[in-house]
Amino acid sequence: MEPFLQFLINGITLGSIYGLIAIGYTMVYGIIGMINFAHGDVYMIGAFNAVIVYLVLGILGVTWVPLALVLVLLLAVVLTSTYGWAVERLAYRPLRGSFRLAPLITAIGMSIFLQNYVQLLQGARNKPLPPVIQGSFDLTSGSDFVVKLGFMQILIVVTTVALMVVFTYLITKTPLGRSQRACEQDQKMASLLGVDVNRTIGLTFVIGASLAAVAGFMVTLYYGVVDFYIGFLAGIKAFTAAVLGGIGSLPGAMLGGILIGLIEAFWSGYFSVEYKDVAAFSILVLVLIFRPTGLLGRPDIEKV
Amino acid sequence: MRQTSLFDPAFLRPILAFLRPILIDAAKAAGIATLLTVFMVGIRTVDNPQGLQAEYRFDDVFTAVAIVFFGRIALSLLSGGRVLAGLVVVGGFSAWMLIALLTVGETGIGLLPKPFASTVVCWIVTLAAIGFSLRGFFLLTRGDKGAPAVFKEEGALSLRRMTPWIGAALILFAFVMPWFDFANRRIMDMAVLVLTYVMLGWGLNIVVGLAGLLDLGYVAFYAVGAYTFALTSFYFDLGFWVALPVCGAMTAFFGVMLGFPVLRLRGDYLAIVTLGFGEIIRVILINWWWFTGGPDGIRGIPRPTFFGMEFRRKPREGEETFHSFFDLDYSSVDRIVYLYYIILLLALITNLFTMRMRRLPVGRAWEALREDEVACRALGINPVNTKLTAFGLGAMFGGFAGCFFAARQGFISPESFTFIESAVILAIVVLGGLGSQIGVVIASILLIGVPELFRELQEYRMLAFGGGMVLVMVWRPRGLLSHRDPTVRLFKGRRTKSARPSEGTA
């Protein structure tokens with residue numbers, strides 16, 4: 001029982017991070033129908049920005065931890081969302097309305113570019129960060145297996161929940177959310193009705209990148225180490241999560257993220273750590289075969 | 001500003017009105033560039049025993065922002081009808097950079113200062129600027145869209161008519177190339193590498209270009225082929241020529257097995273599932289260590305033999321080597337040349353096979369399926385079987401290439417079969433123009449050969465590779481030589497051999 005509880009906690013923590021990245025994939029897919037392959041690398045850039053900003057704040061003498069963390073979060077989000085916007089502007093917007101494979105290829109190119117960009121600028125070795133938030137609650141006592149709930153884990157889950165609330169409000173209640181949903185349904189009609197499609201799509205990338213930046217920030221604090229390659233696997237898993245939840249569906253992305261996190265945690269806990277990636281991918285394949293629209297996705301009707 | 005006494009305001013006002021939006025635009029771009037670079041480029045994190053430390057490089061940030069600012073102005077001028085003004089800006093910049101770079105002597109300081117400390121970055125910027133100047137020049141002299149005639153519709157058509165001749169010339173050149181003087185060991189190695197990718201590209205072209213199935217895990221089949229040869233040679237002592245068909249059969253089998261459950265999926269889902277398969281195969285290769293050697297890989301894979309004769313200096317007991325049999329002096333290049341001819345032949349077989357398949361009912365069904373799956377179903381084409389044949393055949397050629405790769409390297413490990421390989425092969429196919437056989441050759445030379453020439457610039461290689469992929473795609477979204485028109489034409493008056501209506505309909 002105790003190990004189960006521990007795996008559950010770890011899985012939900014990991015899943016929250018996947019979920020945050022997955023939202024970026026699912027939003028972009030919903031609105032322009034492409035796999036934003038570079039999104040995982042935007043997340044990596046977010047993690048790096050967090051490390052650099054943290055370092056700078058340390059040099060500037062901001063040592064009070066809560067203030068430093070809030071500043072790091074804000075700056076990392078601003079810087080990273082600029083990257084998200086720039087990627088869209090440079091690599092995807094010129095190809096809008098082009099054939100389907102073209103933006104996918106530029107996305108792969110962008111992904112390679114960003115990875116090497118960071119590797120060149122910041123070096124290939126991974127960056128360790130001293131632990132900022134330590135400590136944990138012990139949930140069980142008496143038995144030989146102590147279930148730990150780390151403060152960092154609480155922070156991650158609470159931040160994710162808070163972001164989801166804000167994000168849901170943004171999508172359902174604000175003009176931006178309305179125009180986003182309008183563009184998702186029919187770009188041409190939306191533009192006829194006065195929605196600035198380019199701006200809306202750009203902002204979609206900004207929002208996606210911001211969420212990825214938060215995820216990167218939290219991963220940096222959680223694991224205490226980043227390198228230029230973390231974006232690839234995290235990106236693929238987050239995409240898997242988005243597909244699992246039903247691509248285009250925002251709650252689905254979060255649900256899929258949590259599920260992938262849980263699958264990974266339980267698989268590595270009960271079976272083998274080596275094959276945890278295989279587990280995630282196998283689940284993806286099975287879901288796609290038996291329920292191609294994902295768990296919460298709408299069935300799409302193919303029109304002739 | 002407006003009331004400057006030096007100039008007449010009435011003369012100045014239209015210029016200002018013209019420049020204002022351009023300057024604002026450029027300032028915005030510069031602001032974005034500042035946000036992008038100020039932390040990422042400006043501060044380098046260095047890990048010391050005491051923890052992370054920072055190094056500052058704000059001069060690079062400044063140059064990057066300045067380049068973005070002026071580049072944006074030049075771009076606005078070029079696209080805003082003021083071509084001459086734009087040309088002056090970009091051309092002046094190119095000239096500056098060229099002088100600065102070409103006059104750099106032993107001391108490392110030229111006549112003019114250059115913006116970046118790194119010569120490579122300077123050259124990249126310069127080449128980009130020269131590219132823009134050329135574009136501006138075209139705009140100025142031709143007054144139209146500025147594309148050279150080759151890339152226009154008529155140009156592309158005439159180019160297509162010439163394609164068989166170009167192809168024949170290329171093949172002829174490929175056959176005689178090893179006999180030229182410049183074909184030293186390094187060039188031949190490179191040619192073998194390029195041809196391997198040409199073959200992979202042609203194999204993937206069946207899947208992506210003809211059948212329109214987006215496969216992001218093609219490297220899985222390459223890996224299966226390579227490991228099939230490595231393992232059969234290790235456990236059963238098979239040679240290259242015996243193992244080659246085994247590899248092909250094995251990967252085709254894998255392709256069909258993997259394809260069967262997933263081919264019902266639509267484009268993007270298929271892409272991500274194939275990507276997943278690629279990763280699964282790699283993870284299995286790493287973790288199944290007692291069978292596959294794990295991350296250490298397999299070494300000692302036998303080289304291809306020439307009718308049983310090996311390419312080595314000293315023959316084994318009771319065997320002849322290639323050079324002793326033909327009474328030649330031993331030369332290590334011989335083996336490379338032999339490998340070169342093997343891969344050339346394999347690649348040409350792939351090409352010939354694809355070209356013939358396109359004329360068969362199943363090949364036509366592939367192309368029809370690519371264009372409209374619903375219509376195909378309505379016409380009674382079985383989409384699953386048709387896709388499976390494409391997937392399986394594409395996989396088979398990937399397997400042949402993998403087998404060759406293992407034989408050439410003599411050592412394989414899962415390291416060689418990462419996702420980036422899949423991406424490179426896919427990029428070759430898409431950059432070349434989906435379905436275009438000769439496009440694959442051009443794209444392979446561009447993506448594999450040219451970066452290989454710049455091996456010294458190792459660290460910038462992949463950066464330029466990724467950036468180049470984006471640029472070429474934005475420049476020509478349908479690939480360098482795009483033609484998506486069907487193999488079969490039913491136009492009046494333009495009857496090609498294949499257009500006879502009686503010929504097989506699927």
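Q: What makes strand 1 (residues 43-48) of chain B and strand 2 (residues 51-56) of chain B a pair, and in which sense do they run?
A: Strand 1 and strand 2 of chain B are joined by 6 bridges in the antiparallel sense. Two strands pair if DSSP finds at least two bridges between them, so strand 1 and strand 2 of chain B qualify. The model is predicted: local features need pLDDT of at least 70, side-chain atom pairs count only at pLDDT 80 or more, and totals for chains, interfaces and linings use all residues. Residues are numbered from 1 along each chain as its sequence is written, while chains are lettered from A and ligands numbered from 1 in the order in which they are written.

Q: Which residues of strand 2 of chain B are the bridge partners of Ile43(B) and Arg44(B)?
A: Ile43(B) has Tyr56(B) as its bridge partner, and Arg44(B) has Glu55(B). Strand 1 and strand 2 of chain B form a hairpin, with 2 residues between them.

Q: Why is strand 2 of chain B called hardly covered?
A: The count of buried residues among the 6 residues of strand 2 of chain B is 0. A residue is buried if 20 or more other C-beta atoms lie within 10 Å of its own, exposed if 12 or fewer, and partly exposed in between, with C-beta atoms placed from the backbone. In chain B as a whole, buried residues make up 38% of the 506 residues.

Q: How many helices and strands does chain B have, and what counts as one?
A: Chain B has 18 helices and 4 strands. Both are DSSP runs numbered from the N terminus: helices are H or I with at least four residues, strands are E with at least two.

Q: Why does Gly435(B) count as buried?
A: Gly435(B) has 28 C-beta neighbours inside 10 Å, and the criterion asks for 20 or more, so Gly435(B) is buried. Its place is in the loop between helix 16 (419-432) and helix 17 (437-453) of chain B. The C-alpha atom of Gly435(B) is 7.8 Å from that of Val208(B), although the two residues are 227 residues apart along the chain.

Q: Is Thr126(B) buried or exposed, and why?
A: Thr126(B) has 20 C-beta neighbours inside 10 Å and therefore counts as buried. This residue belongs to helix 4 (residues 119-142) of chain B. Not counting residues up to four places away in sequence, Thr126(B) touches Ser94(B), Met97(B), Leu98(B) and Leu101(B); a contact requires C-beta atoms, placed from the backbone, within 7 Å.

Q: Is Asp237(B) buried or exposed, and how do you know?
A: Asp237(B) has 9 other C-beta atoms within 10 Å, so it is exposed. Asp237(B) sits in the loop between helix 7 (219-235) and helix 8 (240-262) of chain B. Its phi is near 65 degrees, a positive value in a residue other than glycine.

Q: Why are helix 3 of chain A and helix 4 of chain A called oblique to each other?
A: Their axes come within 10 Å and cross at roughly 130 degrees. Axes are lines fitted to C-alpha atoms, for helices over the stretch in contact, and angles run from 0 to 180 degrees between N-to-C directions. Angles under 35 degrees count as roughly parallel, over 145 as roughly antiparallel, 65 to 115 as roughly perpendicular and the rest as oblique. Helix 3 and helix 4 of chain A are therefore oblique. Val87(A), Ala91(A) and Tyr92(A) of helix 3 meet Pro103(A), Thr106(A), Ala107(A) and Met110(A) of helix 4.

Q: What makes helix 9 of chain A and helix 10 (residues 250-271) of chain A oblique?
A: Helix 9 and helix 10 of chain A pack at about 120 degrees, with their axes 7 Å apart.

Q: How many residues does each chain bring to the contact between chain A and chain B?
A: Chain A gives 52 residues and chain B gives 45 residues. Helix 4 of chain A supplies the largest share of the chain A side, 14 residues.

Terms used
Two residues are in contact if their C-beta atoms, placed from the backbone, lie within 7 Å.
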